[in-house]
Amino acid sequence: MNHTLLSWPLLVILAAAPALAQGEPASEWPLFRGDSVASGVARTPLPEKFELAWSYRLEKGAFENTPAVVDGVVYAADADGHVLALKLEDGSELWKREFDTGFLASPAVRDGRIYVGDYDGMFHCLSTKDGSELWNYETEAEIDSSANFYQGNVLVGSQDAKLYCLDAAKGTEVWKYEIEDQVRCSPTIVEDRVFLAGCDSKLHILDLKTGESVGEVPIEAPTGVTPAVHGDRVFFGTEAGTFFAIDWKKAEVAWSAVEDRGSPSIRSSAAVDPRLVVYGSRARKLRALDPEKGTELWSFPTRQPVDGSPIIAGDRVFFGAGDGNVYAVDIKTGEKLWNYEAGGRFLSSPAAAAGRLLIASDNGAIYCFAAPK
């Protein structure tokens with residue numbers, strides 16, 4: 001295994017991080033992409049050097065999603081039907097629940113509650129204390145979408161082609177919106193707008209209060225990735241291998257960039273800050289573009305596709321790849337700074353909280369990296 005340590009100085013650029021939404025403390029990672037705008041940007045510094053602090057393994061388990069971290073507790077859900085809580089400090093198990101289904105969606109945590117949808121289309125609200133079910137809501141198809149929050153409501157998409165807005169405390173329906181094909185992405189929220197990148201080959205822009213459409217933009221191909229927002233632009237890629245920057249206030253394409261090697265699919269959600277927008281490609285690379293112009297800044301090759309989504313932390317980009325490695329690369333050059341060879345495949349994305357980096361793999365393991373003791 002290659003456990004190369006980082007040796008370069010850490011620069012934390014707080015101005016690059018998005019503003020915190022209410023209920024999103026800086027030391028936590030409560031949602032799939034870290035915040036309501038799906039920026040994929042860590043708000044607290046990660047150490048200059050890493051070591052494996054702990055790992056937790058589920059026998060015959062498989063993770064394809066991202067853990068949530070709130071109040072020093074890691075919450076995870078796996079494809080074999082386990083929902084569990086671990087201590088962030090040492091990885092010890094606090095509780096574990098088993099369901100007769102599985103979870104591809106990442107859990108979202110707020111106000112002592114865990115929100116996560118399953119293979120069978122059931123959206124669950126569980127207590128963070130012991131995993132007991134507080135309420136559930138049945139959709140008509142599998143849920144791959146992770147939840148997001150707006151005021152007192154929780155939003156989640158389903159493969160039944162609908163986005164649901166529910167009362168977060170009671171689980172009662174506030175409104176729902178139907179598109180022409182599946183919703184696999186997580187909803188992204190900015191101000192009073194919610195964005196859906198749909199399998200119907202459109203970006204949908206909805207009013208959060210009414211659930212009505214206020215605009216849509218054709219994107220030429222289906223997609224299941226979660227849109228990332230920085231300023232007036234929404235960033236995401238498609239199954240046809242085109243990466244879009246869309247001006248959401250004008251509801252028009254600002255620029256687009258096409259993948260090489262036969263335009264392979266993009267199944268990685270982007271991370272974005274003022275310096276770059278970065279995402280994984282099935283062309284076996286991590287790719288960074290100028291967020292204003294769409295020109296390529298650098299790319300980093302891997303041995304297998306990168307379906308997981310990267311995160312930005314200071315002057316580094318972290319991601320897991322299909323080759324079983326967790327990588328850190330320089331945000332300016334794309335040069336490799338560190339990697340950890342874990343084996344298996346990483347289809348999930350990292351989470352960063354309280355100075356620690358977490359990621360889960362399809363071999364049923366959760367890895368936590370921290371500063372050397």
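Select Pro372: beyond its neighbours within four places in sequence, Pro372 is in contact (heavy atoms within 4.5 Å) with Lys49, Phe50 and Glu51. This is a predicted model, in which local features need pLDDT of at least 70, side-chain atom pairs count only at pLDDT 80 or more, and totals for chains, interfaces and linings use all residues. Residues are numbered from 1 along each chain as its sequence is written, and side-chain values use heavy atoms, with hydrogens and water left out.

Stay on Pro372, which lies in the segment after E32; strands are DSSP runs of at least two residues, numbered from the N terminus. Pro372 counts as partly exposed because its relative accessibility is 38% (buried is under 20% relative accessible area, exposed over 50%, partly exposed in between, with a 1.4 Å probe and protein chains only).

Next, select Phe318, Trp338, Leu357, Ile366 and Phe369, the residues with the most contacts inside the largest nonpolar core, which has 35 residues. Such a core is a set of buried Ala, Val, Leu, Ile, Met, Phe, Trp, Tyr and Cys residues joined through side-chain atoms within 4.5 Å. Strand E32 (residues 365-370) supplies the largest share of this core, five residues.

Centre on Phe318. Leaving aside neighbours within four places in sequence, its contacts include Leu46, Phe50, Tyr327 and Pro350.

Finish at Arg33, in the segment before strand E1 (51-57). The side chain of Arg33 reaches the backbone oxygen of Ala270 at 3.2 Å.

Terms used. Helix = DSSP H or I, 4+ residues; strand = E, 2+ residues; numbered from the N terminus. Polar contact = N/O pair within 3.5 Å; in protein donor to acceptor, adjacent residues only side chain to side chain.
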